[in-house]
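Hi everyone, thanks for coming.

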Amino acid sequence: MKKYLICLLLILLMGACGPVVSAPSMPHEMPDDFAFSIQFGVDKKNEINSYDGTVTKDLIADGTTTADISLTSEEMNTVYELMREVNILEEKELIPDPIFDEVCVQEPHEDDEWKITMNGETIIISIDGTYCEPTKDAKQLIQIRDAVFTMIKDKDEFKALPDSTGGYD
């Protein structure tokens with residue numbers, strides 16, 4: 001009788017665990033079709049687009065300007081590694097939990113929209129910058145965006161673009 005109870009308990013425990021579902025993982029090597037675009041800033045007017053090899057800069061009062069600026073293969077590998085470190089394919093928590101039933105919001109705010117292609121699949125990730133305190137996942141993505149933008153800002157083609165004038169209220 002004791003053996004039957006132990007077996008029954010083991011069967012119940014195994015069934016309660018269910019199948020283990022893992023998040024999609026990124027290959028170690030950057031896929032040949034890896035490309036991305038990141039639109040960011042107020043009204044997402046800035047864009048880094050590796051699909052087209054372009055960068056759009058928000059000039060605020062003077063509209064926007066777009067230039068042909070590409071990342072090198074080495075820079076693309078660096079971006080891929082940064083995305084792989086946070087497993088960009090994994091579902092992200094991008095909306096903060098309320099504190100005392102409230103979420104702090106701010107205006108104006110910056111938003112990010114990511115489009116990432118690899119292995120024939122394309123994903124879209126949106127970060128709503130309305131929230132005063134972004135989630136851990138949102139902070140990780142913003143750090144990657146900032147790292148990519150630093151690569152772009154170091155390029156002569158970007159330095160040649162006009163300065164932004166004005167500001168957002």
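I'll go through the sheet, then the helices, then the aromatic rings. Keep in mind that this is a predicted model.

Okay, the sheet. We have an open sheet of six strands, and its order is β4-β3-β2-β1-β5-β6, with antiparallel pairing. So which strands sit at the edges? Those are β4 (64-68) and β6 (121-127), and each pairs on one side only. On average, and ignoring direction, neighbouring strands here are turned by 10 degrees against each other. Zoom in on β3 (residues 54-58): five bridges join it to β4, and the two run antiparallel. There you'll find Thr56 standing opposite Thr66 in β4.

Now the helices. Helix α2 lies across β1 and β5 (111-118), at about 75 degrees to β1. Helix α3 (residues 136-153) lies across β1, β2 (46-49), β3, β5 and β6, and runs at about 80 degrees to β5.

On to the rings. How many aromatic pairs does the structure hold? Four. One of them is Phe34 with Tyr80, edge-to-face, 5.2 Å centre to centre with 80 degrees between the planes. Phe34 is in the loop between α1 (2-17) and β1 (35-41), while Tyr80 is in helix α2 (residues 73-85), so this pair ties together parts that are 46 residues apart in sequence. Phe34 and Tyr80 are both buried.

One last thing to click on: the charged end of Lys115 sits over the ring of Tyr51, 4.8 Å from its centre.

Key: Residues are numbered from 1 along each chain as its sequence is written. This is a predicted model: local features need pLDDT of at least 70, side-chain atom pairs count only at pLDDT 80 or more; totals for chains, interfaces and linings use all residues. Side-chain values use heavy atoms; hydrogens and water are left out. Rings of Phe, Tyr and Trp (its six-membered ring) pair if their centres lie within 6.5 Å; planes under 30 degrees apart count as stacked, over 60 as edge-to-face and the rest as tilted. Helices (H or I, at least four residues) and strands (E, at least two) are DSSP runs, numbered from the N terminus. Buried means under 20% relative accessible area, exposed over 50%, partly exposed in between (1.4 Å probe, protein chains only). A charge sits over a ring if NZ of Lys or CZ of Arg is within 6 Å of the ring centre and within 35 degrees of the ring normal. Two strands pair if DSSP finds at least two bridges between them. Axes are lines fitted to C-alpha atoms, for helices over the stretch in contact, and angles run from 0 to 180 degrees between N-to-C directions. Contact means heavy atoms within 4.5 Å.
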